[in-house]
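Hi there,

Here is the structure I promised to pass on to you. Have a look at it first, and then read my notes on its salt bridges below.

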Amino acid sequence: RIKSVEFAGAIGQLGQQAPESARGMPQVAFSGRSNVGKSSLINRLLGRTRTAIARVSQSPGKTQEINFYRVRADLGDFFLVDLPGYGYAKAPLALQKKWESVIAEFLTAKTDLVGMVQLIDLRTGPTADDLRSVDYLAQLEIPVLFAFTKSDKLSLMKRQEQFRSAVQKLGIDPDQAIPFSALNGEGTQQLLDTLGELLFP
Ligand code: GTP
Ligand code: MG
């Protein structure tokens with residue numbers, strides 16, 4: 001159970017460190033294509049459906065910094081880390097490259113990172129960019145969970161089909177993947193429980 005949440009700070013440039021309060025604290029980060037629903041998922045997990053804490057936008061490229069949210073929960077304190085999305089082709093190349101290196105610096109340091117949630121749009125399934133991200137996280141040996149987002153946008157039949165196909169393309173165990181909707185809350189409790197096990201084993 002989550003008791004409170006606050007914005008703790010951000011990393012905006014290479015060489016910048018995680019906010020002081022986040023250092024030495026367990027962190028979980030969220031990776032995915034721009035517009036896949038990372039910030040929306042974080043708001044939903046934190047129960048911030050009416051007053052968003054992570055900024056959300058219809059146009060991709062909204063999150064421009066690595067944002068840290070401090071969460072106080074029954075089991076203890078931890079941090080959720082919202083990353084800028086990848087694969088936004090319209091962003092200037094120099095900016096895309098900058099973000100790649102800022103994210104890479106944070107992930108390779110992986111000091112306090114206990115795991116990642118990789119988001120995949122359930123309607124499209126994993127894209128080439130998603131598969132590259134998954135490979136990269138595997139190389140870094142970071143434990144990864146999968147959230148298949150925007151499940152509310154599919155019919156029941158289509159979702160099952162898309163779920164099976166995505167699991168197969170990713171080569172993962174179906175237990176590692178959670179269908180998720182920031183709109184209706186599907187998958188929220190399951191993701192919170194799984195993160196709880198990861199954060200407080
Ligand atoms: P960047 O910050 O650009 O990387 O994007 P993001 O991954 O943080 O996406 P964001 O949460 O800003 O959501 C993008 C758009 O998708 C917004 O218009 C959201 O309202 C919408 N959206 C996100 N999750 C869901 C969902 O589960 N269902 C539906 N129907 N829409 C969603
Ligand atoms: Mg965002």
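A salt bridge here is a side-chain nitrogen of Lys or Arg within 4 Å of a carboxyl oxygen of Asp or Glu. Please keep in mind that this is a predicted model. By that rule, the count comes to nine salt bridges.

Let's begin with Arg159, which pairs with Glu186: their closest N and O atoms are 2.8 Å apart. Arg159 sits in helix α4, while Glu186 belongs to the loop between β7 (177-179) and α5 (188-199), so this pair ties together parts that are 27 residues apart in sequence. Is Arg159 buried or exposed? With a relative accessible area of 17%, Arg159 is buried, because buried means under 20%.

Helix α4 (residues 156-170) holds another pair, Glu161 and Lys158, three residues apart, which is about one turn of the helix. The closest N and O atoms of this salt bridge are 3.3 Å apart. Both partners are partly exposed, Glu161 at 41% relative accessibility and Lys158 at 36%.

Asp129 is partly exposed at 27% relative accessibility, whereas Arg132 is exposed at 53%.

Enjoy exploring!

Best wishes

How values were computed. Residues numbered from 1 in each chain as written. Chains lettered and ligands numbered in written order. Predicted model: local features only at pLDDT ≥ 70, side-chain atom pairs only at ≥ 80, totals over all residues. Heavy atoms only, no water. Buried < 20%, exposed > 50% of the residue type's maximum accessible area, 1.4 Å probe, protein only. Helix = DSSP H or I, 4+ residues; strand = E, 2+ residues; numbered from the N terminus.
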